[in-house]
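I am keeping these entries as I go through the model, with each thing I looked up written down in turn. The sequence and the structure come first, and my notes follow.

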Amino acid sequence: MTDTPTRQRRLSLARLRGLPLWSVLAACTLVGGVLGGSYGLLTPSTYTATSYVIAVPTGKSTPDAALGFAQAYGRVATQLAVLGDAQVYAGVPVRTLQHSVRTATSPDAPMVAVSATSSRPGLAVDMANAVTRSLTRHADDSSDNTNVRLVPFSRAVEPSEPTSASPAVTGLVGASAGGLLGGLALLARPRRTGQDGEPAPAPSVPGPAAAADVRGQR
């Protein structure tokens, strides 16, 4: 009676060892796909809205100077001085703007793109337009010294589709990751030993030939 649990464990291990290797990969792929799809279903969709402003040189400046200032304004757009005024227009705290707003500039065109991400499309639009409005006002206040003005180029519009990954995409990513981990686990698994967990016998090495046999061969 006391040997029954041990015998059952041995039988279970034997059955697991008897499974084909492809079943491990299939199981890992299935689990990864289920986890990835669940993540996509449970995570709220996010929307991104983008507005654009362009740097325009005045009569005392050049296009190259406008391009350089566009790069600079792209860096300061997410600073507290700009976001502090933008929070009034957007109606959200500064921390939300710091977390949700990103900027991008082009090395060839004096343009600044301000993108805002939110789970609500309308809020994403309000945040992007609020930051560009605040940035334009700050640029106008210093235009006498910089000889460059920021002009609104395109206002943000409400996005019709989310920018976050769909459950199908996250499911495929999870399935790929699960299959990869399963393959790595199979490669790193220990090699099979003898039956019942005993180590395989070492290969036998033939002993030296008897002296008589050696003499007989001469």
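**Entry: the charged network.** I looked up the charged side chains and found that D85, R137 and D141 are linked in a network of salt bridges, a salt bridge being a side-chain nitrogen of Lys or Arg within 4 Å of a carboxyl oxygen of Asp or Glu. My background note here is that side chains of opposite charge can pair when their charged atoms come close. I note that the structure holds two salt bridges. In the pair of D85 and R137, the closest N and O atoms are 2.3 Å apart, and this pair links distant parts of the chain, with D85 in helix α4 (residues 80–90) and R137 in helix α6 (residues 121–141), 52 residues apart. In the pair of R137 and D141, the closest N and O atoms are 3.5 Å apart, and here both residues lie in helix α6, four residues apart, about one turn of the helix.

I then looked up how open these side chains are, taking buried as under 20% relative accessible area, exposed as over 50% and partly exposed as in between (1.4 Å probe, protein chains only). D85 counts as partly exposed because its relative accessibility is 25%, and R137 counts as partly exposed at 33%, whereas D141 is exposed with a relative accessible area of 55%.

**Entry: what kind of model this is.** This is a predicted model, in which local features need pLDDT of at least 70 and side-chain atom pairs count only at pLDDT 80 or more, while totals for chains, interfaces and linings use all residues. Residues are numbered from 1 along each chain as its sequence is written, and side-chain values use heavy atoms, with hydrogens and water left out.

**Entry: the chain as a whole.** I find nine helices and four strands in the protein chain, where helices (H or I, at least four residues) and strands (E, at least two) are DSSP runs numbered from the N terminus. Read from the N terminus on, the elements run α-α-β-α-α-α-β-β-α-α-β-α-α. Of the 218 residues, 27% count as buried. The accessible surface of the protein chain comes to about 14700 Å², of which 60% belongs to carbon and sulfur atoms; such areas come from the Shrake-Rupley method with a 1.4 Å probe, and for residues only the protein chains shown count as cover. Among contacts (heavy atoms within 4.5 Å) with a separation of 6 or more, residues 24 or more positions apart account for 77%.

**Entry: the sheet.** I traced an open sheet of four strands in the order β2-β3-β1-β4, with antiparallel pairing; two strands pair if DSSP finds at least two bridges between them. Strands β2 (101–105) and β4 (148–154) stand at the edges, each with a single partner strand, so one side of each is left without a neighbour in the sheet. Neighbouring strands are turned by 25° against each other on average, direction ignored, with axes taken as lines fitted to C-alpha atoms, for helices over the stretch in contact, and angles running from 0 to 180 degrees between N-to-C directions. Helix α3 (residues 63–76) packs on this sheet, touching β1, β2, β3 (111–118) and β4, and its direction makes about 145° with that of β1.

Going strand by strand, I note that eight bridges join β1 to β3, that β1 (residues 47–57) and β4 pair over six bridges, and that β2 and β3 pair over five bridges. β2 and β3 form a hairpin with five residues between them.

**Entry: A156.** Is A156 buried or exposed? I find A156 in the loop between β4 and α8, and A156 counts as buried because its relative accessible area is 7%. Leaving aside its neighbours within four places in sequence, A156 is in contact with A49, T50, S51, V125, A128 and N129. The C-alpha atoms of A156 and M127, 29 residues apart along the chain, are separated by 9.2 Å.
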